[in-house]
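Colleague: Could we go through the salt bridges in this model together?

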Amino acid sequence: MRLTSVVVRNYRVHRETRVDFAPGITLIHGPNESGKSTLVEAVHRALFLRSRGGGRVVDEMASAWGGVPEVELTCCFGDQKCSVRKSFRGARGQTTLALAGEVALTGDAADERLAQRLHVAAPIGGGGAPKLLAERWAHLWVWQGHSCENPAGEVADQREALLQRLQSQGGGAVMQSAFDGQIVAELRRRHGEIFTETAGRYKVGSEVARAQAAATEAAAAAEAAARTLADLEDACNRYALAIKTHDERQKGLGEAEAELTDAEGRLRQAEEVEQRLATGRRRRDELRPEREGLQKVARELDEARNARDDLAKKMAGMTAAVEAERASWEALRAEADAAEQAWREARASFEKAGRLRNALADHLAALQAAKELARLKTEHKSIEDKRRTLKEQREGLATIPAVSDDNVKALRKLEKALDSAQATLAALGAQIELIKSSLPVSVGRVALTAGKVHTITDDAELTVGDHTRLRIRPGSSAGLAEARQAVDKARAALTARLGQLAVSTLDEAVSANERRRALALGIEALGTQLAELGEDSIDQRVRTAAAAAVETARKANFAAAADGINLPPELDEARADRDRADSELSKVTKAEKQAAKAFEIARAARDRQAESLAAAGKAVADLKENRQRQEARISALVEAHGSDADREKQARDLEDEVSRLNREIAADELDLAGRQPELLRQDIERLRKVIDSAEGAMAAALQEQAAARERLRLGGTTDPHAELAAAKARRDQAQARFAEFQAQAHALQHLVRLADETRRAMAVRFTQPLADAVQGYLECIFGRGATIRITWNPTSGEFDELEVVRDPAGLGTFEFKALSGGTREQVGVAMRLAMAQVLAADHDGCLPVVLDDAFANSDPDRIAALQRMLYLAARNGLQIIVLTCTPRDYHGLGATEVELRPPAAAPGTPDPALAG
């Protein structure tokens, strides 16, 4: 079965879309929401969904365009062509089926016949439609987002067909017989009566389980009897040991108590020495701050006296330096005052020269502005003259007929056509020539002249003299009539065109065209001249120049009147006066700058000297203030701590006290070291723990004696040795019976294991044709030797597990579910292609495999290998349909490409936000 084409109308995002499928590989690509998944969904629904019915499946087909969802699908079953059309409109849905060589069918009959031809169960409909549609051909139709699922679990819809094909391709020889099956079933039944299904343990209630429980119970009873005998023997031993322990601990307790009393007495003596030593050290520490305070006061007094003397010496030197700085500042101040006076005089000369120069410059600008105004007025008059001429030429151009070069060419073409038509007419008409006549001869209104030929193209009267009239007919030829019509048509066209141009002849039109061209050239030349003269801005420039002339004259006259300056009336004289003023201004400017610089230098020297004088004065004041602070500091220290003699006596007394304390502390430290108080404390702690432990052990020994006496009293009424012997006999008998049942159970378990191993071997041979088909595809991806291991359960008739084997590449064997997402995609497609290849024999040698963005987790290198696999599938006779958003990944596939574009929004509705 091979798909040929599909037309989808009013189906979700599709208003009307047609796609033709290639026999080998078709690549359908486009951006998201362009309708790729929707298109192949429509194909799937056309194949398997009953057209009459409603529910969610049909509701989801609704289109924003409105209308009834329709799908027209064409395909081939071998050489038999098939056309199916389905419209999904609920209970009024309709199916039309046309199979070559068969009667066309409609309605349910068409749906049923199509299902038969596809070798599937009845067409899908009703409430369970979504689930059933997802399962129908799920091994061939990889819906978007399902490429990582195990395809062995998606073949349920076609499992029986696949098993039959595998059996016919080599698996029939390994199918077990009915009798073999009965034996295996009986073994399994008996195995199930004894063992649990999951853990393989003995089933509760079975004979072997009861024997095991009896053996376990007898063994426990024997162990209990042995423990009872051991407990009695242990109680005797414990009683004797408790008496011995109590006596030993009582003796050790007395020795420890005597040793503790001695250690406590020696510790009290050591603690007295420690207390005396602590008192001496504390008194010595109390004297340390007094000694340090006296030493600090002595250091501070020495520092203050030395600082006071140093400051007195510095003040004497700084006072002389201040006087020298003051004299220098007085001299520099006089120099700065003289330099300032010279600068002010130079500044006054500079300002006067500047005003003169500015007044002359303004006067010169006024004269130049007046001259520019006169020039612009002359230029304005010339522009006005040219404007008048341009107006006259434009008015003259308006009186001439508007005949262009193209019009002249058209008229000449029409006149030429008229001449040609007239020549043709003349060639077809009759000719008459007057040789000689004594009477006047005329044709119509044209008088004939001897020797001149006249052509007659229409009926005409020939008049000879006053009494002879002849009618001449040139003929009724169809060509002549057409020639006359052509002449009339050409003449009418020429006349109409001349009338449109308001001229009567071609010559008049040529003359008008030449006069218009001459005037147009003149108008263009005047326009260029006016543009060069600045026609658009001349009025503004005249107004601007007039305003500038008035303003500059006003400024010049005002400056001249303020300083009493005489302004020359001529431009050249004004320019010369201005230049002389510029030269004088340059001189006084230089002099002013020199004076200003000299003033700045003198003022800077004066200011620097003033700063130096102020700094020297401040330094003297600071020295005086510091000396006063040192004097105050000395007085405060003496007042607070006494004279030098008092402090020296106090220091000697403190030193004597400290020496005495040091001697006493050294003697106590030596005495304390010999007594070792820390070791005494450790001994006391240890001995107290020994006493506590001995007392506890004695109490425990008394308890142990009481418990042993009670145990011996209770257990001394029976013979524990006889009871142990009887329990051992019962244990041995129960264990022998359990061993017998256990041997039988293990034999049955071994037979079932052999049956399972045989079944697995049969399953491998049964699935070998499918594994062989997969291997060719896997080698395209993983290299030579890569294959697949499929576990088939003959009992359930299902494929249980899928494993990928890559031992030749040193990569081992992995379960399908343990592979990465990209590898599951690749292995899953290889498995689907192999199943399609096996099943194709039931479908006229071909089946379509649809891959909807099936390689989302595969990198570009793996996609290149996948292309080899898909190309191999096409060569093996399968039809491959790939849907993708990234067509560049499949340029090497050699597929027929179909591009889908996102649809425009339906009128009055938002853009359909649908998948695909």
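Modeller: The discussion below concerns salt bridges and their surroundings. This is a predicted model, in which local features need pLDDT of at least 70, side-chain atom pairs count only at pLDDT 80 or more, and totals for chains, interfaces and linings use all residues. Residues are numbered from 1 along each chain as its sequence is written, and side-chain values use heavy atoms, with hydrogens and water left out.

Colleague: How many salt bridges are there by your rule?

Modeller: The count is 56 salt bridges, each being a side-chain nitrogen of Lys or Arg within 4 Å of a carboxyl oxygen of Asp or Glu.

Colleague: Which residue does Arg 9 pair with?

Modeller: Arg 9 forms a salt bridge with Glu 70, at 3.6 Å from N to O. Arg 9 belongs to strand β1 (residues 2-11) and Glu 70 to strand β4 (residues 70-77), so the pair ties together parts 61 residues apart in sequence. Helices (H or I, at least four residues) and strands (E, at least two) are DSSP runs, numbered from the N terminus.

Colleague: Is Glu 70 buried or exposed?

Modeller: Glu 70 counts as buried, at 14% relative accessibility. Buried means under 20% relative accessible area, exposed over 50%, and partly exposed in between (1.4 Å probe, protein chains only).

Colleague: Turning to helix α7, how are Glu 330 and Arg 333 placed there?

Modeller: They are three residues apart in helix α7 (residues 207-399), which means a separation of about one helical turn. Glu 330 is partly exposed at 35% relative accessibility, and Arg 333 is partly exposed at 34%.
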